[in-house]
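Okay, thanks for coming, everyone. I've got a structure to walk you through today, so let me put it up on the screen.

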Amino acid sequence: MTEMRGARPVARDGRARTERRSRRHSTWIWSTLGIGLSLAFVACWLPPELWTLPIQGPDALAHYQFIRELFDDAGQGAMSLWPGGSYYPPLFHLLAAGVIGAAQLVGLQISVFTAFALVWVLIAGLVFPLGVLLFTRLLVAPRAPTEDAALGLLVPMLAVLSVAHPYQQLVAGPLLTFGFGMSLVPLLLWVSLSAVRALREKTHSEAAWWLALSVSLILVLLLAHPRALIPYALLLSAFLLFQLRSRGLLLVGGLIVLGGLAFSAYSLLVIRSDKFLHPETWFAQHPATQTLGEAAFFVLSGGTGSWAFALPAAAGVVALIAIPGALWRERYGLAIAFLGVLVLYTLTVAADGAFANIATSPWYRDENRVMMMVPIVAIPALVTGCVLVMRWLSGAWRGVGIGILLLCGAVLLLSSSASSDVRERVAQNASLAQKTADSLLSEQKLEAFEAIATAVGEDGLVVSDPMNGSPLLYPIEGIETFYPIINPPFVGAGQIYTDIVGAFASHDPAVMETALCALNPQGDVYFLEMGPQSPEVIAYQYRGVYAPFHDLGALTTYVETGALVPVAGDESLWELYRVTCAG
């Protein structure tokens, strides 16, 4: 009898271990299925044009340039990508360049645009949903296999339904690198809050592991986009309010103040303006665009634009505060984070004045950047709050609640059209079907680029107004252009970009030849005249800098004196000239 009684706990422990193992396997299966669905959804969402053609936007030119540059140079110069040698977050471009290299190793030739699209799909459909899922699981702390299954299937899909992120970044600039950084924020929040919980529970070895992982991910975030640390710190601070004792809160508060002072000092050094001490005059080009109600609905709907998301989310936020639970610290923190994003987004799109300008200045008062935080807090708030409500209800009421949630989910999946609208805009942007000859890229310019590449050769360098689409010569044909992007620095390390425009504007053949020939001592230098500035980038405020390149008087002078020699061209669209260089 004694042996049998002694054996029962062993048997119970064995069954418990088996059940835990089985539940872990079940969690992995449902989560993998959910992530697989989200990845497939994003891959199907991406317009097919983007696999072979560029996004035609002001910032897109730089991204394609940087990918090709890093591939050609085997990653060298990754920490000084920006023209003039300044730092620009290189991680997205390094990954895309790595994809091109990996494809070549197995005998495949893929374009810069294909690599760009593939990396974006993996970030938007895999990295971001995974981070949101892990962050939400930490807050929910599922108790039953049914909750594991629901979280694993639903959360990743919710993460790819919001227009706020990841899709809007493709039509706003595109904001590729900042969007990449924001895609990493949920993952970093999960790791950081796990570290805080381990410290609170005094499991020091586990805390050391989570802290080391946090530091590693912060370093990754710096490579993805350093400014993504600002929303990460803002959201983490909301959780720390309920996690730390008074000394810890004072330390965090001090770090925030120091960060604000450092940001102000940086702004004073970089932004030379007499408006700095008059914040009410900042961001004159970013007036209020929404009402308070529209802004609140956008955040409550998680950026989906659907009441089927907004109503459960509103109930979820109330439940976070009203229904008690073991993880009250995390849930109160989530409620504060949600309300903070709501206030910040409202200040961005529905308010004017000094306070709104100061509060939104780290995001340049750009709603496209601020809205990326919306799904990061709205999805966990909806899911965590609804799980709390389901646990609180009993009997028939729980069945009613589940039925309502299933109905809302069906309506959300079937009726949400926000991301479809963005998809159409992205497809129209990249498609050549309706592009004119003056667009950044058109069928005519594709033909021109092929002819230009033949005439210039591998060692040539092309000087042209970058706002006519000429920087696309490099990612498409491998022909380097002196102006790789439309907005290089024009002072300091970028003074050379100003000097070349000035030399061309001099109407002095000797001055022009000396300046341009010095750009490429080992090969020929060419000047490309390719029509007016493209409509896709005409809003660039400093477009007048390149006006001398369109001065027909200067061009005629250089041709008549032999400083520029016509090489090839099509009079209706483009003309290529070789600069006459001594020797």
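Predicted model: local features only at pLDDT ≥ 70, side-chain atom pairs only at ≥ 80, totals over all residues.

The chain has 583 residues, and 48% of them count as buried. If you box in the C-alpha atoms along the principal axes, you get roughly 110 × 60 × 45 Å. In secondary structure, we're looking at 23 helices and five strands. And for contacts between residues at least 6 apart in sequence, 72% join residues at least 24 apart.

Okay, the strands. Quick reminder: strands in a sheet pair through backbone hydrogen bonds, either parallel or antiparallel. For β4 and β5 it's antiparallel, over six bridges. If you want a specific spot to look at, find Val-565, whose bridge partner in β5 is Arg-578.

The structure holds one disulfide. Which two cysteines does it join? That would be Cys-517 and Cys-581, with an S to S distance of 1.8 Å. The link between Cys-517 and Cys-581 is left-handed, with -90° about the S-S bond. This pair ties together distant parts of the chain: Cys-517 sits in helix α22, residues 509-517, while Cys-581 is in the segment after β5, and they are 64 residues apart.

Are the two ends buried or partly exposed? Cys-517 has 15% relative accessibility, so it counts as buried, the cut-off being under 20%. Cys-581 comes out at 30%, so that one counts as partly exposed.

Now, a couple of other cysteines. Cys-44 has 63% relative accessibility, so it counts as exposed. Cys-386 is buried, because its relative accessible area is 11%.

Next, a serine. Where does Ser-534 sit? It's in the loop between β3, residues 525-529, and α23, residues 552-560. Ser-534 has 0% relative accessibility, so it counts as buried even though it's in that loop. Leaving out residues up to four places away in sequence, Ser-534 touches Asp-438, Ser-439, Leu-440, Lys-445, Met-467, Asn-468 and Gly-469.

On to the empty spaces. The general idea is that rolling a probe the size of a water molecule over the atoms shows where empty space is left.

How many cavities of 30 Å³ or more are there? Two. The largest cavity has a volume of about 40 Å³. By type, the lining of the largest cavity splits into four nonpolar, four polar and two charged residues.

The second largest cavity, at about 30 Å³, is lined by Leu-184, Leu-188, Leu-217 and Leu-221. So what does that lining look like by type? Four nonpolar, no polar and no charged. Helices α7, at 176-200, and α8, at 204-224, each supply at least two of the lining residues.

Last stop is the second largest pocket, with about 790 Å³ of space. The elements giving two or more residues to its lining are α5 (145-159), α12 (307-322), α16 (374-392) and α17 (396-415). Which of them gives the most? That's α17, with nine residues. In total, 28 residues line this pocket, and here's Cys-386 again, nearest the centre along with Ala-150, Leu-154, Leu-405 and Leu-406. The lining of the second largest pocket divides into 23 nonpolar, two polar and three charged residues.

That's my tour, and I'm happy to go back to any part of it.

Note on methods:
Residues numbered from 1 in each chain as written. Heavy atoms only, no water. Helix = DSSP H or I, 4+ residues; strand = E, 2+ residues; numbered from the N terminus. Buried < 20%, exposed > 50% of the residue type's maximum accessible area, 1.4 Å probe, protein only. Contact = heavy atoms within 4.5 Å. 1 Å grid on protein atoms, 1.4 Å probe; cavity = no way out; pocket = protein on both sides within 12 Å on 5 of 7 lines; lining within 4 Å. Points joined across faces, edges and corners; volume = space filled by probe spheres on them. Nonpolar A, V, L, I, M, F, W, Y, C, P; charged D, E, K, R; others polar. Disulfide = S-S within 2.5 Å. Pairing = 2+ DSSP bridges.
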